[in-house]
Amino acid sequence: MNEETRKLALSHLWVAFIAFIVACFMGEYQVLERSGFIPALDSASVYFASVSTHGVLMAFVLTTFFIMGFGYTIATASLKQPVWNMPLAWGGFWLALTGVVLAAIPLLTGKASVLYTFYPPIVAHAAFYIGATLLVAGSWVWCVIMLVMFMQWKKANAGQPVPLAMFATTMNALLWLWTSAGVALEVLFQLIPLSLGWIDTIDPGLARTLFAWTLHPIVYFWLIPAYTAFYVFVPKQAGGFLFSDEMARLAFIVLAVFALPIGFHHLYMDPEQAKGWKLLHGIGTFVVALPTLVTGFTVIASLEIAGRLRGGKGLFGWIGSLPWTNTMVLSVILSLLMLIFGGFGGIVNASYAMNAMIHNTAWVPGHFHLIFAGTTVIMYFAIAYYLWPMLVKKPLFSSPMALVQLWTWFIGMSILTTPWHVLGLLGQPRRISSVVYNNLLTLAWKPYEFMMIFGGLILLGSACLFIYNLAKTQLNPAEVAYNQQIEFAEPVHAVESLPEWLNDIKLWNKVIAVLMAISFGYPILQFFFMDTSGSSPWGF
Amino acid sequence: MQIEPLKQKCEQLFRDFYTEFRGIHIDQLERKWITISMVVIGLFVGIITIDAFFHGVNPPSKVETIDSASLHLSKEFAEDNLGVQVDDKDNVTVRMVAGRYSFFPKHITVPAETPITLRWVSMDVLHGVHIPMTNMSTMIVPGYVAEITTTFPKPGEYPVLCNEYCGLGHNHMWSNISVIAKEDWEAPEKSSAKGGSNHE
């Protein structure tokens, strides 16, 4: 990696992590405010401005900038090529950053308290939607650069397998282009025109359908970097080999292809889509559990190989002999633990009519904090700890601090999300800023809300340690020459040649197009045939 | 259009794909794991599908439109028609309007252990509603009628909670439902209003 690429990657990652730390403070404020223990904090308008900003920062800014920075690093390191069109890459960065700033102004001034999932016909200030659009447009620049680098490499190395890390990253770029199209249609044709007064009414049913298009695959867009680290970093860091390169590719393909046509599991309880379509998407949702089960197998098998190579014996002895003090290895263990529990919750959510039990209750944010802020973000930490020394050319400031940070993140997330799930089962709605229901049921909620404050506090401390460690690493004045390079895991069986469909994205792009036409074609077109009445815009 | 060459081409494509698929290296253990995974997933999907098709276990999905801006002019959701009604065949229907920040009527009484059809509409923005400890849950999207049929097994006082962010007063959006024993329940006066299959 040359100087310029390192600067590009670091700029992206810093934007991501600054957004992250700001949002962590907001998260702790939110659990405090919501609990009602400090009456002085009680304010619905501040709370919902904070929730909206927290959601946008975590789900859109942290993820998108992290994935872009990670992608540039992976592409240059795995393909051994410089970034194609560096000025364009910087253009994408500045475009996305402009979007973030533009959206932040109405968010922080309480003019866009519509939550990060928008919810028309409530309308925010137009700058919020325009800012979000620029952020997505910036990420499309990244997608184009990834696709071009992928194709250039393939042309120059005909017949050779594309490095797994780059294959996964390119799949993610393809996934994101398809994913973001849904929300882009909603924002460009419905929300921006409505917020500027160019149109008088919109159909919230159509808006929700378009958002559902994006809402499921977007979580795989966030997750794929974590899975990439599972496959291409973890086995090497653990001291072993990747169990199977081909299965890894298949897993990424199935993830990208089947993540897309299944968004209606977010609309199970909605009146504007019929049950047949919901069931179809529900079945697809179960199919997409398959690559995750395969990933779990491959990663654990790779860890077992490493554990046994390090002298671990017996059925479970290899677990103890893993290098638990390696940040990447510790992260993957904690990440998988959270994935098991989060995946279990996910199966409940996915189960069609059973969704009624937990829909829009506190269970749902409990679930996605466990699986996103837990499983996924802990791998973002691991990747940052791994890449930082190479990006800044200095050793990590403190490895023990990093280990403490990872453990506290895991413990904090467990303490935060377990009561959150329980609150959902006890009937507490999500997205409320205080409990004012005059009902005995609410007494049962109090102890769990109290626990969540502690979970949040531990997480906040952990997040501060993370940022401190990265900053100290970069600001270290020492002139220690640090020349380690990124090491990619070797598979047990080296792949010399691959069928084209395991080495290219063209076929899968077509498959996605067909599946999307099947699963979203009629459900979107129906709004143009049905006799619908639009909704006029409302403030909040 | 010639079907035969196209068919041959497709067959050839699939055959090639299959041969290539068999050619890639998949470990025995991994094969077993994938088989187990598929069986488990198949089992889940199977149960859900059978329940949906044969037992009618589906989420609320009646795609029925209405003009949310003129509910008061609609026959069905005019103020006098809201709440609990029983038709000639003793079917219990509840018509509710969601609006910032309550559900109207603010209190209703229904019998336990009786199938009840609830029809929810919004007069303004997006809402959602659930009754904790029951499976009454649906989104209420402006422009659509959300219909759900359910049975409340246990008598008691339940809150009716808005579970979708609908504005800064969202916390305050709730009402009450009393579920009373079937034998104690008296049907309200029979009404002429019909559950609309379409809006008028």
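Among contacts in chain A between residues at least 6 apart in sequence, what percentage join residues at least 24 apart? The value is 85%. Please bear in mind throughout that this is a predicted model.

**Chain A as a whole.** Chain A contains 17 helices and 0 strands. Its radius of gyration is 23 Å, close to the 24 Å that the globule rule gives for 540 residues, so chain A is as compact as a globular protein of that length. Along the principal axes, the C-alpha atoms of chain A fill a box of roughly 60 × 50 × 45 Å. Of the 540 residues in chain A, 58% are buried.

**Helix α5.** Next, select residues 164-195 of chain A, which form helix α5. This helix has 32 residues and reaches 44 Å from its first C-alpha to its last, close to the 46 Å expected at 1.5 Å a residue. Centre the view on A:V187, where α5(A) bends by about 40°. Because 24 of its 32 residues are buried, α5(A) is largely enclosed by the rest of the structure. After the helix comes A:G197, which has a positive phi, near 80°.

**The nonpolar core.** Now select A:A16, A:V61 and A:F381. Within the largest nonpolar core, which has 230 residues, these three touch the most other members.

**The side facing chain B.** Display chain B alongside chain A. Here 64 residues of chain A are in contact with 55 residues of chain B. On chain A, the helices that each supply at least two residues to this side are α2 (44-79), α6 (204-215), α9 (245-259), α10 (275-287) and α11 (289-309). The most is given by α10(A), with 6 residues. Colouring the side of chain A that touches chain B by class shows 35 nonpolar, 19 polar and 10 charged residues.

**A loop residue.** Finally, select A:I358, in the loop between α13 (327-350) and α14 (363-392) of chain A. Is A:I358 buried or exposed? It counts as buried, because it has 23 C-beta neighbours inside 10 Å, where 20 or more are required. Apart from neighbours within four places in sequence, A:I358 is in contact with A:V348, A:N349, A:W363, A:V364 and A:G424.

Note on methods. Residues are numbered from 1 along each chain as its sequence is written. Chains are lettered from A and ligands numbered from 1 in the order in which they are written. This is a predicted model: local features need pLDDT of at least 70, side-chain atom pairs count only at pLDDT 80 or more; totals for chains, interfaces and linings use all residues. Helices (H or I, at least four residues) and strands (E, at least two) are DSSP runs, numbered from the N terminus. The radius of gyration is taken over C-alpha atoms; the globule rule is 2.2 Å times the number of residues to the power 0.38. A residue is buried if 20 or more other C-beta atoms lie within 10 Å of its own, exposed if 12 or fewer, and partly exposed in between; C-beta atoms are placed from the backbone. Two residues are in contact if their C-beta atoms, placed from the backbone, lie within 7 Å. The expected span of a helix is 1.5 Å times one less than its number of residues. The bend at a residue is the angle between axes fitted to the seven residues ending there and the seven starting there. A nonpolar core is a set of buried Ala, Val, Leu, Ile, Met, Phe, Trp, Tyr and Cys residues joined through C-beta atoms within 7 Å. Ala, Val, Leu, Ile, Met, Phe, Trp, Tyr, Cys and Pro count as nonpolar, Asp, Glu, Lys and Arg as charged, and the others, Gly among them, as polar.
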